[in-house]
Amino acid sequence: MARVILPHVQRHLPGSTFVVENRPGAGSQIGMEATFNTKPDGYVLGAVTSPAMMTIPFERPVRYKVDEFTYIANVVDDPGGLWVKADSPIKSLADLLERAKKDPGGLSFGTTGIGSDDHLVMLEVEQAVPGVSFSHVPFNGAAPLQTAVLGGHLDLGCFNVSEGGPGYRDGRFRCLAQAGAQRDPSMPDVPTLTEQGVKVVAGAQRGVVAPPGLPPEIRDKLVTAFRAALSDPQFLADAERVVLPVKGMVGDEYRKTVLGLDARLKEMWARKPWRDQ
């Protein structure tokens, strides 16, 4: 996401140069802490993903506060998808749910980790459909998860549309449903969960934040540049080419969306921590 949009932001912010520095590890916690605790002068921004930025603090101490970041722009809204290998005996979402009702906990699903957006999609499906339950198998990333699905070691994988798209297009995966609000243009024949009677809309949002206390004049320049880039035809063409599902939100709209999700996740956690599910 960062490498696709930043060249376009540069064009709309004269004199700027962006360099992407990876801070791997801890499910993005290291990068978020580095952003939060740096000097708020506009020279350091952070690429963040929701819900990870909200769920990590439920599990362990962190050196950032979700409500104190300076929110610049959301770029991507990547719906979760329910994927099986192409020759799976599970042919549809209805088929999957019927099997899960007959054998509660008997079907296995993999995700990219406990508390990940993928895990939360499946928990919401279980809550939305009475009598349905699955067995969760967390993985350290989408690549090993997809390998396990294709190898027949899992009945089902839940991962994002952008991650499953290549395997879908070359015939390795079948997508039973995706959790977007509308059908994804890259997979127009795949219905949403909501279309199939399961009222779940969920996935991963990826955007850009700055440290707390960023001066308003710097914030406004960055927000203006990102707003222009998000509607730039050249950026939209690049995003389509690499299957980035774009959903632009800037400034206060982005912040309100993140804090709304944070509140909903806190309610879910209070009812039943997902580490136990």
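A pocket is an open set of points, on a 1 Å grid over the protein atoms alone, where a 1.4 Å probe fits, with protein on both sides within 12 Å along at least five of seven lines; lining residues have an atom within 4 Å of a point. A volume is the space filled by probe spheres set on the points, which are joined across faces, edges and corners. The model is predicted: local features need pLDDT of at least 70, side-chain atom pairs count only at pLDDT 80 or more, and totals for chains, interfaces and linings use all residues. Residues are numbered from 1 along each chain as its sequence is written, and side-chain values use heavy atoms, without hydrogens and water.

The second largest pocket has a volume of about 770 Å³. Its lining comprises 33 residues. D77, P79, P245, V246 and K247 lie nearest the centre. Helix and strand numbers follow DSSP runs from the N terminus (helices H or I, at least four residues; strands E, at least two). Elements giving two or more residues to this lining include β2 (70-85), α5 (117-128) and α10 (251-271). α10 gives the most, with five residues.

The axes of α5 and α10, lines fitted to C-alpha atoms over the stretch in contact, come within 13 Å and cross at roughly 65°; angles run from 0 to 180 degrees between N-to-C directions. Contact means heavy atoms within 4.5 Å. L120, E124 and Q127 of α5 meet R264, L265, M268 and R271 of α10.

Y168 lies in helix α7 (residues 161-169). Y168 counts as buried because its relative accessibility is 18%, under the 20% limit (1.4 Å probe, protein chains only). Beyond four places in sequence, its contacts include W83, F173 and M187.

Key. Buried < 20%, exposed > 50% of the residue type's maximum accessible area, 1.4 Å probe, protein only.
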